[in-house]
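Subject: Structure for you to look at

Hi,

Here is the structure I promised to pass on. Please open it alongside this note, and I will go through what I found.

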Amino acid sequence: MGFDVDDVITQGTTDELARLVVGDGTWHTSGVPRLKVPRVRMADGPHGLRVELGGSLGESAPATCFPPAVGLASSWNPALLRRVGEALGREATAAGVDVVLGPGVNIKRSPLCGRNFEYFSEDPLLAGALASALVYGLQSTGVGACVKHFAANNQETDRMRVDVQVSERALREIYLPAFEKVVTATQPWMVMCSYNRLNGPLVSEDPWLLTDVLRGEWDYTGVVVSDWGAVVNRVESLIAGLDLEMPHVLGNSDREVAEAVEAGQLSRELVELSAARVLQLTHRVADAVRDDQPVDEAAHHELARQAAHESMVLLANDGVLPLAPRAKVALVGEFARTPRFQGGGSSKVNATRVERLVDTLAARRQVRFAPGFLLSGEPDDALVEDAVAAAEASDVVVLCLGLPDADETEGLDRTHLRLPEVQRALLVELAQTGTPIVAILSNGAAVEVADWADDCNALVEGWLGGQAGALALADVLVGDVEPSGRLAETIPVRLFDLPSSLMFPGEPGRVVYGEGVFVGYRGLDATDRPVAFPFGFGLGYTTMRYDDLAVKVTGTPASGALRVSVQVRVTNTGERAGCEVVQVYVGNAPASVPRPPRELRAFSKVRLEPGESRTVTLPLDARAFSFWSEAHDRWVVESGVFTIEAGPNSRDLPLSQELRLDVPALRVPLHAESTIDEWRSDDQAWAALLERLPEGASFELPPEVLAVVGGQPLRRFVKFPDMPLSAADVDAVLAAYGG
Ligand code: GLC
């Protein structure tokens with residue numbers, strides 16, 4: 001590489017270093033021509049390359065559009081995600097792109113979030129595992145990944161200003177772990193900070209998140225880049241640990257930074273720190289060994305097809321699927337001709353080709369197409385009549401339903417989960433014909449299905465299937481391929497069954513995550529709500545049996561070396577090969593904080609031939625039993641009886657075994673506002689306090705008094721009249737035993 005980082009830092013003028021911490025235009029770092037520092041080129045998008053050819057969000061160069069994260073996540077298959085990452089890397093290299101801006105791993109707090117199609121799951125372990133695999137694949141080709149949007153960017157409403165008010169526990173247990181996994185497992189070349197505020201400060205100016213957590217705890221060494229337009233005060237953001245402002249027209253923030261250094265308001269060392277990280281990124285790009293073979297478009301299309309196979313989720317099937325070879329099919333719904341295969345905004349790919357079900361299914365079965373409804377949502381009786389006539393003349397209806405493009409884009413959130421009225425009305429008419437109905441959904445986030453799913457003989461959640469989605473769907477409908485997706489997000493009966501729904505998208509300027517850790521299935525299980533289809537659910541074309549659960553424990557939580565090995569045997573009891581996603585949940589013991597009934601702690605996807613059995617071993621460590629204790633500012637395991645549960649989905653766990661963990665009781669660090677109960681629970685401190693009683697005095701509190709005053713802070717209580725102890729006594733003992 002034509003430059004040495006240390007030389008540039010020492011020889012660079014303040015102006016030149018200030019250039020390095022801001023971008024040059026929309027897609028490049030700035031570089032320093034005088035010192036032979038080139039620029040680095042970035043481009044969106046998590047599920048396909050978006051290299052702009054003109055203005056912002058304008059025309060982009062053709063690229064393979066893989067299923068967006070909502071689909072890829074339903075595969076529960078890290079190996080697949082890695083292959084998609086490798087393909088993205090090859091296309092980025094061919095396009096001269098050095099870093100791909102993705103994946104997005106924000107948690108699906110509410111299905112209403114307009115950008116959920118770009119995100120993986122309501123569960124952080126699943127999101128982190130799959131995103132890590134994609135990043136690993138991408139970076140193995142010598143192209144960088146940029147995991148985003150760090151953090152707590154879970155809605156589009158007022159995304160650039162909203163103050164997300166969320167407990168640290170919910171952050172640590174729900175909103176940060178996917179980032180933590182990607183950062184600690186793959187060291188992504190970049191991390192993109194989000195637009196929003198987090199408990200007050202703008203994330204782009206938040207040293208706790210960008211430095212203390214990301215670098216201090218997770219040892220991140222790469223570049224923190226702003227989301228596009230997320231920087232308000234470049235000096236403050238630099239101090240917080242934001243290395244690169246994007247986009248940027250030179251002569252603005254770089255001048256502010258240089259002037260702040262000249263004026264002594266900002267240390268040059270701080271600028272050097274971020275500049276050095278940008279230089280190290282530039283070196284990484286230059287030193288990367290990249291596969292410059294021409295992109296095999298057909299092979300990537302085939303990979304997109306395979307990804308779509310594993311992305312769709314069979315939710316119901318009375319046997320109507322696979323479609324009989326000679327079945328006459330009424331293919332109804334405009335989406336069969338105008339497919340929805342991705343969402344809107346910065347991730348939108350100019351697909352190299354797009355399959356349509358009117359073509360792909362017609363190549364396999366006798367098909368009569370009827371659009372059935374207008375995408376505009378305008379009622380059209382003639383279209384309904386035509387669809388009913390097609391149904392009456394056919395053996396089966398394949399009905400393509402879904403959300404209009406406009407409902408699922410960056411920048412907007414939905415306000416309800418219903419399908420358009422014209423689609424639901426059409427389904428009612430078709431159901432009256434008595435012809436069996438296979439409903440196919442094209443949507444980027446959960447929709448309400450409970451009030452019409454029973455009218456269908458089969459239901460496929462196709463999500464957004466990418467450019468080859470319709471080809472994959474035809475493969476599955478005719479039975480050439482088995483659907484093997486599992487829900488990575490719950491499909492609730494109603495939106496308002498979700499605890500988050502009352503506080504989404506919040507009030508002007510503020511959204512309070514009042515549900516805490518009770519997001520998705522965690523909340524629905526805790527409130528014992530029925531669901532339309534549970535997290536982890538999905539059917540195939542065969543049947544599986546679970547047995548032989550074995551749980552082996554080594555080490556202890558106290559030693560920090562607790563290891564729990566969970567073994568499960570799965571058998572394909574059906575007539576054809578199929579996949580199963582073995583899921584292991586830990587049922588939480590009652591704790592000193594409210595905890596979800598169970599949480600996904602491990603999973604593995606296996607493919608079994610008919611009659612084949614396989615024993616799957618899944619490792620758990622102490623984190624699988626822990627919660628984040630704000631009192632101790634760390635992960636904590638408390639004693640109790642946990643249950644290890646294994647099965648096909650979060651609400652069907654046929655195997656379970658109790659596991660008792662004994663952990664020495666943790667002292668709650670005492671402080672000036674600790675209550676009498678908290679003091680009494682600390683034997684040593686309480687004894688030390690009683691030793692300070694005057695001769696003959698006592699501080700015994702009978703149970704009926706304790707019931708009333710136990711929750712009062714002791715230091716205030718001893719100031720009441722006639723107390724045998726004083727605040728000074730409390731302070732003295734605090735000095736010896738306090739937290
Ligand atoms: C957008 C998105 C981000 C994207 C960036 C560049 O606003 O939030 O995901 O990578 O800007 O297009």
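In which loop is the place of Lys36? Lys36 sits in the loop that runs between β2 (28-29) and β3 (42-44). Please keep in mind that this is a predicted model.

You will find Pro247 in the loop between α9 (234-240) and α10 (253-262). Another cis peptide bond links Phe504 to Pro505, with omega about 0°. Pro505 has its place in the loop between β18 (491-492) and β19 (510-512).

Next, the ligand. There are 14 residues around the ligand, and those that come nearest are Asp44, Arg115, His149, Tyr195 and Asp227. Sorted by class, this shell holds seven charged, five nonpolar and two polar residues. Several side chains place polar atoms by ligand oxygens. For Arg115, an N or O atom of the side chain is 2.6 Å from an oxygen atom of the ligand. Tyr195 has a polar side-chain atom 2.7 Å from a ligand oxygen, and for Lys148 the corresponding distance is 2.9 Å. On its own the ligand has 310 Å² of accessible area, and the protein covers 93% of that.

Finally, a helix pair. Helix α5 (residues 124-139) packs with helix α7 (residues 177-186) at an angle of about 35°, and their axes are 8 Å apart. The crossing of α5 past α7 is right-handed. On the α5 side, the residues in contact are Pro124, Ala127, Gly128, Ala129, Ala131, Ser132, Val135, Tyr136 and Gln139. They meet Pro177, Ala178, Lys181, Val182, Ala185 and Thr186 of α7. By class, this contact between α5 and α7 is made of ten nonpolar residues, four polar ones and one charged one.

That is what I have for now. Happy browsing!

Best wishes

Notes:
Residues are numbered from 1 along each chain as its sequence is written. This is a predicted model: local features need pLDDT of at least 70, side-chain atom pairs count only at pLDDT 80 or more; totals for chains, interfaces and linings use all residues. Side-chain values use heavy atoms; hydrogens and water are left out. Axes are lines fitted to C-alpha atoms, for helices over the stretch in contact, and angles run from 0 to 180 degrees between N-to-C directions. Helices (H or I, at least four residues) and strands (E, at least two) are DSSP runs, numbered from the N terminus. A crossing is left-handed if the near helix is turned anticlockwise from the far one by less than a right angle, and right-handed if clockwise. Contact means heavy atoms within 4.5 Å. Ala, Val, Leu, Ile, Met, Phe, Trp, Tyr, Cys and Pro count as nonpolar, Asp, Glu, Lys and Arg as charged, and the others, Gly among them, as polar. A residue is near a molecule or strand if one of its heavy atoms lies within 4 Å of it. A polar contact is a pair of N or O atoms within 3.5 Å; within protein, one must be able to donate a hydrogen and the other to accept it, and residues adjacent in sequence count only if both atoms are side-chain atoms. Accessible areas come from the Shrake-Rupley method with a 1.4 Å probe; for residues, only the protein chains shown count as cover.
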